[in-house]
Amino acid sequence: MLTLFVDYTIAKVTIGAVLLGIISGVLGSFAVLRQQSLLGDTLSHAALPGVCIGFIIAGTREMASLMAGALATGILAALAVLVITRRSRLKTDAALGITLSVSFAIGVVLLTYIQGTGNASQGGLDSFLFGQAAAILRHDLWIMAGITFAALALVTALWKEFKLVVFDPSFAAAMGLPVVALETLLTVMIALAVIVGLQMVGVVLMASMVIAPATAARQWHERLGPMVVSAAAIGVTAGVVGALISAQGQGLATGPLIVLCAAVLVAISLLFAPRRGLVEEAVERWRGRRQLEDRQVLSTLYGLARRHQDPRFSAERGFVDAYYGVRTRKALEALHAQGLVDRFRAEPDEAEYWELTEAGVEEAERLLADIKGRRA
Amino acid sequence: MADALHEPQLALHVEDLTVSYQNKPVLWDIDLDLPPGVMAAVVGPNGAGKTSLIKAILELIPSLAGHVRILGKPYRQQRGRVGYVPQRSAVDWEFPTTALDVVTMGLYGRLGWLRRPGRREREEAMQALEQVAMADFAHRQISQLSGGQQQRVFLARALVQQAEVYFLDEPMAGVDATTERAIVNILGELRDAGKTIIVVHHDLQTVRTYFDWLVLLNVGVVAQGPVSEVYTAANLRRAYGGQVALLEGNGMPADKPTPPDPQRDQTGDVF
């Protein structure tokens, strides 16, 4: 009986996490590419007063009215940001920050007001701060699913328009696209994504679900389509893994765990993604430096050969070491591996000698010509 | 009556156009007439309103007064016949997309809502990339392209628009010599095919070699017409005012083309 209950809860939470991952990954991609990552943060904090107003009007913890309230105040906040940036000299970041904190303050005041009225059914309204995934009802999941699929359908239908508006709004406007309407639609959909996440991760942490999957996905992909799909996949992974860890029964909060999982995925992507990853960058740099050393030794051998007017002049290693003041064995071995130098030992003292191969001579001449060309 | 053509013999007709940002006029009382088949440079000092002029013509920024006709009709009705190359710095080149995809965007207007670009569109985009010698880079992510290559991709996007009137905002800014030559050649070919090209240009040195029509702008129109008539020391001084010292001895033309006018020459010497 108990396991059945637990499984049912886990199933609900998992489905919720999947829906949240999909919608926040997809719409977060557009938000991040519009350089509006913080818009998600403002919209989610602005959802709190809406939730409270929805509760006051409905009189109970009725999901539909809480969500409607959250959407209304979210859109209001987005409008406020727009008006502030258009009408005043404030920049977008300041406008976002002000709107965020003012809406959140109003939300907390309303929350404490409701708690003060002693309404018995207010139980758990403050769970919207950090989310309470286990409290999700089957009915709530239907609403979340409806919103997610509506958003997916819109993004699919208006794919190329959204892409153009985000990439090059003035070209889109010149072409006759209703840029303002499309941008508004994107903002409303981000507000919807935030609403889907309210019960799962709460208003305080929701912004990271908008930003993290998209940022991680951007590391791996150079095209919008694959990036959006993989942002959704990363969002789903973070959601499900976080939900499953919290279901291990130690009473750990689901929302923050989901956010932490997303953060781990971001860290992995920042480090290990091909081309854009930090690790590959570091390896490339290290390799470049090694190569520079190799090439230096190569041109020294070439210079020695020229001085002795013998292209096959063989230099004893100690000779080269002394010239650089460090051991050049590694560099010589690396050049050897590339077939640019040859080693042999000569009597009587078994010393190590190195000489340029055919390819080595060519490479050295190419290098020097290169350097000369760059100086010119 | 609303559909009646107004100045249909002109590629671009601008009358009384006025634009201002926060009570400061950026463009004031602009009257412009461009015959079809010319390659025109819009030149003027910084802050002269060159970019604003193009944006106002394309209705990207609101104008306070005046009207614009392109081939006899308002811009709204002529979008399909107009190509546009914004400043390269206007977009984020880190955006996850390829050169080919950017060029395909030029065809979105023709495709209309809901329809996706298909094989035909990709082929057209590829042809445009070949025209600007960028076919080899079609599948490159755009941030991996050099500035000149990015500019050529932007030009290719305008080429697929198959327009009759082209507006280009600083296409030669910050590009390498090869790209500059390539762009000038392509624009010349378009002009020879009867298209009208309007280019915001920053380099006075090359105006006479690249263009055949000149609009000197400094909030108002200082002078306009064929380069041979308009490119005079007196006109440049009037457009550039105090900055004229920078131009002296730097390819500054003699006052020859204008009829002798001793008084003007004298004022010129005062500068």
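Modeller: A salt bridge is a side-chain nitrogen of Lys or Arg within 4 Å of a carboxyl oxygen of Asp or Glu. The model is predicted, so that local features need pLDDT of at least 70 and side-chain atom pairs count only at pLDDT 80 or more, whereas totals for chains, interfaces and linings use all residues; side-chain values use heavy atoms, without hydrogens and water. Residues are numbered from 1 along each chain as its sequence is written, and chains are lettered from A, with ligands numbered from 1, in the order of writing.

Within chain B, B:Arg110 forms a salt bridge with B:Glu124, their closest N and O atoms lying 3.0 Å apart. Because B:Arg110 lies in helix H4 of chain B and B:Glu124 in helix H5 (residues 119-131) of chain B, the pair ties together parts 14 residues apart in sequence. Helices here are DSSP runs (H or I, at least four residues), numbered from the N terminus. Buried means under 20% relative accessible area, exposed over 50%, and partly exposed in between (1.4 Å probe, protein chains only).

A network of salt bridges that share partners joins A:Arg218, A:Glu222, A:Arg275, A:Arg276 and B:Glu94. One of its links is the salt bridge between B:Glu94 and A:Arg276, whose closest N and O atoms are 3.1 Å apart. Another salt bridge pairs B:Asp101 with A:Lys163, with the closest N and O atoms 2.7 Å apart. This pair crosses between chains, from B:Asp101 in helix H3 of chain B to A:Lys163 in helix H7 (residues 159-167) of chain A. Both B:Asp101 and A:Lys163 are buried.

In chain A, A:Glu161 forms a salt bridge with A:Lys160, the closest N and O atoms being 2.9 Å apart. Both A:Glu161 and A:Lys160 are likewise buried. Over all chains the count is 20 salt bridges, and between chain B and chain A it is 5.

The contact as a whole (heavy atoms within 4.5 Å) takes 33 residues from chain B and 31 residues from chain A. The area buried between chain B and chain A is about 2,700 Å², with 63% given by carbon and sulfur atoms. Of the area that chain B buries against chain A, B:Phe95, B:Pro96 and B:Trp113 supply 25%, more than any other three residues. Buried area is the accessible area (1.4 Å probe) that two parts lose on being put together, summed over both.

Between chain B and chain A, 13 residue pairs are in polar contact, both residues at pLDDT 80 or more. Helix H3 (99-104), helix H4 (108-111) and helix H6 (147-159) of chain B each supply at least two residues of the side that touches chain A. H4(B) gives the most to that side, with 3 residues. By class, the side of chain B that touches chain A has 17 nonpolar, 9 polar and 7 charged residues. A polar contact is a pair of N or O atoms within 3.5 Å; within protein, one must be able to donate a hydrogen and the other to accept it, and residues adjacent in sequence count only if both atoms are side-chain atoms. Ala, Val, Leu, Ile, Met, Phe, Trp, Tyr, Cys and Pro count as nonpolar, Asp, Glu, Lys and Arg as charged, and the others, Gly among them, as polar.
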